[in-house]
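I opened this entry to look up the surroundings of a ligand and then one residue elsewhere. The structure goes in first, my notes after it.

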Amino acid sequence: MTVRIHPSILTADFANLQSEVERVATADALHVDVMDNHFVPNLTFGPRMVGRLNEVSAIPLDVHLMISDVDRWGPGYAELGVFSVTFHAEASDHPVALARRLRGIGARAGLALKPGTDVTPYLELLPEFDQLLVMTVEPGFGGQTFLHDMLPKIRAVHAARGDLDLWLQVDGGIALDTIALASEAGADTFVAGSAVYQAPDGADPAEAIAALRALAAEHPHTHA
Ligand code: DX5
Ligand code: ZN
């Protein structure tokens, strides 16, 4: 099975971002959390920062927008040339139109769901997206505890995607003790912030990435 590990720069040292990006060069993509202090109660990066990260990173950028009014502001991130732009269903009035715009600009389009958002109304929209992100914590902060209640939602997306080329991403609390559960439920793309940049036993990011990847691969989906 395919396993993708996307370290989240949110837990890295913001005074040394270029070297922090280089420390995760063995990962599949760099997850960049854009927060606007409105959609979530935290503030991180804007487009200039994301653009520079995209220029210095050797691996693709997986941008996770936790911003309001994303129909207006989302396309600007795709125009930076990043690999992937994921926006929240709760922040968009026109998710299909936005996904088409993002794809038209050349980015992969992702749809993210907060823990309290039912996935059912979105299952029929899956062909419009390249990635579905099931949040496994409330968005806003790193270092939170994985919400086991989200496993049925992961299973529902996995069952619904059929033969679609849709990446099933999980984000929040993914670590050595939880990644196998998410993988068995059907996730294939794993965001990890603290588990990579603040790994237990002082493991460096490359070791942490390898350990997470191995655990996910050893616990493939257990159903169709
Ligand atoms: C939370 C962010 C996550 C965060 C995950 O709102 O979307 O990407 O960095 O951090 P960990 O892996 O520490 O839960
Ligand atoms: Zn994220």
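My notes on the ligand site and on one helix residue follow.

Basis. I am working from a predicted model, where local features need pLDDT of at least 70, side-chain atom pairs count only at pLDDT 80 or more, and totals for chains, interfaces and linings use all residues. Residues are numbered from 1 along each chain as written, chains are lettered from A and ligands numbered from 1 in the order written, and side-chain values use heavy atoms, without hydrogens or water.

Ligand 1, shell. I looked up which residues are near (a heavy atom within 4 Å). There are 20 around ligand 1, and S8, G140, D171, G193 and S194 come nearest. By class I noted eight nonpolar, ten polar and two charged residues, with Gly counted as polar.

Ligand 1, polar contacts. I took pairs of N or O atoms within 3.5 Å. A backbone N or O atom of G140 is 2.7 Å from a ligand 1 oxygen. For G143, a polar backbone atom lies 2.8 Å from an oxygen of ligand 1. The side chain of H64 has an N or O atom 3.3 Å from a ligand oxygen.

How much of ligand 1 is buried? Alone it exposes 380 Å², and the protein buries 100% of that (Shrake-Rupley method, 1.4 Å probe).

Ligand 1, elements. I used DSSP runs, with strands of at least two residues and helices (H or I) of at least four. β2 (30-35), β3 (61-66) and β8 (189-192) each give two or more residues to the shell. The largest share, three residues, comes from β2.

N54. I found N54 in helix α2 (residues 47-56). A polar atom of its side chain lies 3.4 Å from the backbone oxygen of L80. Leaving out residues up to four places away in sequence, N54 touches L61, L80, G81 and V82 (heavy atoms within 4.5 Å).

Key
Polar contact = N/O pair within 3.5 Å; in protein donor to acceptor, adjacent residues only side chain to side chain.
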